[in-house]
Structures are given as C-alpha cells and as structure tokens.
Amino acid sequence: MFKKNKGFTLIELLVVIAIIGVLSGLVLVSLGGARSKARDVARQSDVRQIAAAMELQYSDDGQYPLTTIGGTGRITSTTSTPTYLEPWPQDPGGGSDDCNISKGAYCAIANSAGSDYCIFAALENGKFFAASDSGISTVDTKPTVLGTCK
C-alpha cells in the first residue's frame with residue numbers, strides 16, 4: 001500500500017503565490033488613476049474652503065484678508081482667516097511648495113487693497129482649479145494676473 005501525503009507540494013504553493021502577485025500588481029496599477037483623481041478632488045475642495053473663508057472674512061471686515069505670498073507665489077498665510085480656516089490646508093500629494101512647478105501648492109494672486117483675490121491649485125490633469133472674488137472655475141493655463149482666475 002502506498003501512503004498518501006496530505007498537503008500541498010512546493011510547486012503548487014509557488015504557482016499560487018505567483019498568481020496572487022500578478023493579480024495584486026494589476027490591481028495596484030489600475031488604482032493609480034483613481035488616486036490621482038482623488039488628490040485632485042481634495043485640491044478642489046481645499047480651494048473652495050479657502051475661498052469660503054475669504055468670503056466670510058469679507059463679510060466681517062468689508063475687505064478680503066491680506067494674503068502673504070512667498071517668492072514662488074505659494075500662500076504662506078492670510079491675516080484673520082484662522083477664524084474660519086484652521087489649520088491651513090496642505091496639498092494631498094505632498095508636492096512642491098513652488099507654484100512654478102506643475103502641482104503641489106496652493107497659490108495666490110492678490111492686490112494690496114484687499115478688494116480682489118485669486119487662489120488656485122494645479123491639478124494632475126494639467127489644468128488649474130481657481131477661486132476668486134468672482135467665482136470658481138477650472139482654467140487651462142496658470143493664472144498670472146487677477147483677471148485670469150475667472
């Protein structure tokens with residue numbers, strides 16, 4: 001009589017592990033686009049929140065908060081918005097702080113009088129999501145002056 005061994009052979013285990021590895025690799029690749037879209041949605045939400053805080057501050061003071069803009073165009077702070085927006089949103093992709101690079105910073109253009117503003121973020125699809133005192137929109141090119149934010 002032959003004795004039957006119970007269990008799996010080494011070859012069977014290796015085949016199953018290889019199949020699982022291939023399937024998990026395919027799933028990770030297919031989720032890459034979803035992650036990019038999720039980061040863009042988070043950026044759009046953050047820009048909307050910043051714009052809402054600016055509008056709330058305008059309703060209190062009759063002018064938009066003065067925005068401190070670093071040398072690269074990145075917003076470093078705004079006066080009084082901590083009342084309505086604390087903490088300041090950070091880019092979900094953890095990208096660069098340089099607004100001259102395609103993505104990764106919340107950037108602004110503002111005038112010193114506090115009567116206009118333009119806040120924007122670069123999206124991963126190459127467009128820019130912008131909010132200003134006249135509304136919210138998606139634009140094809142990076143806003144460079146207050147009027148291009150609309």
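Mentor: Here is a walk through the charged pairs, with the rest of the fold around them.

First, the ground rules. This is a predicted model, in which local features need pLDDT of at least 70 and side-chain atom pairs count only at pLDDT 80 or more, while totals for chains, interfaces and linings use all residues. Residues are numbered from 1 along each chain as its sequence is written, and side-chain values use heavy atoms, with hydrogens and water left out.

Now the overall layout. The protein has 1 helix and 6 strands (DSSP runs numbered from the N terminus, H or I of at least four residues for helices and E of at least two for strands). Their order from the N terminus is α-β-β-β-β-β-β. Of its 150 residues, 31% are buried (buried is under 20% relative accessible area, exposed over 50%, partly exposed in between, with a 1.4 Å probe and protein chains only).

On to the charges. Side chains of opposite charge can pair when their charged atoms come close. The count here is 4 salt bridges, each being a side-chain nitrogen of Lys or Arg within 4 Å of a carboxyl oxygen of Asp or Glu.

Start with aspartate 40, which sits in helix 1 (residues 10-61). Its side chain meets that of arginine 43 in a salt bridge, 3.1 Å from N to O.

Arginine 43 has another partner, glutamate 124, with the closest N and O atoms 3.1 Å apart. That pair links distant parts of the chain, since glutamate 124 is in the loop between strand 4 and strand 5 and arginine 43 is in helix 1, 81 residues apart. Glutamate 124 is partly exposed, at 25% relative accessibility. Aspartate 40 reaches that stretch too: not counting residues up to four places away in sequence, it touches Leu123, Glu124 and Asn125 (contact means heavy atoms within 4.5 Å). Salt bridges that share partners join Arg39, Asp40, Arg43 and Glu124 into one network.

There's also a pair between aspartate 140 and lysine 127, whose side chains meet at 2.8 Å, N to O. Aspartate 140 is in the segment after strand 6 (135-139) and lysine 127 is in the loop between strand 4 and strand 5, so this pair, 13 residues apart, also links distant parts of the chain. Aspartate 140 is exposed at 54%, and lysine 127 is partly exposed at 34%.

Next, the nonpolar packing. The largest nonpolar core has 16 residues, and Val47, Ile50, Met54, Leu85, Tyr106, Tyr117 and Ile119 touch the most other members (a core is a set of buried Ala, Val, Leu, Ile, Met, Phe, Trp, Tyr and Cys residues joined through side-chain atoms within 4.5 Å). Helix 1, strand 3, strand 4 (117-122) and strand 5 (128-132) each supply at least two residues of this core, and helix 1 gives the most, with 5 residues. Apart from it lies another core, of 10 residues, including Cys107, Ile109, Cys118 and Phe120.

Cysteine 107, from that other core, is in strand 3 (residues 106-110) and is buried at 4% relative accessibility. Its C-alpha atom is 9.4 Å from that of alanine 130, which is 23 residues apart from it along the chain.

As for Phe120, also in that core, look at its ring. There is 1 aromatic pair (ring centres of Phe, Tyr and Trp, its six-membered ring, within 6.5 Å; planes under 30 degrees apart are stacked, over 60 edge-to-face, the rest tilted). The rings of phenylalanine 120 and phenylalanine 128 have centres 6.2 Å apart and planes at 75 degrees, so the pair is edge-to-face. Both phenylalanine 120 and phenylalanine 128 are buried.

Last, contacts across the whole protein: among those between residues at least 6 apart in sequence, 46% join residues at least 24 apart.
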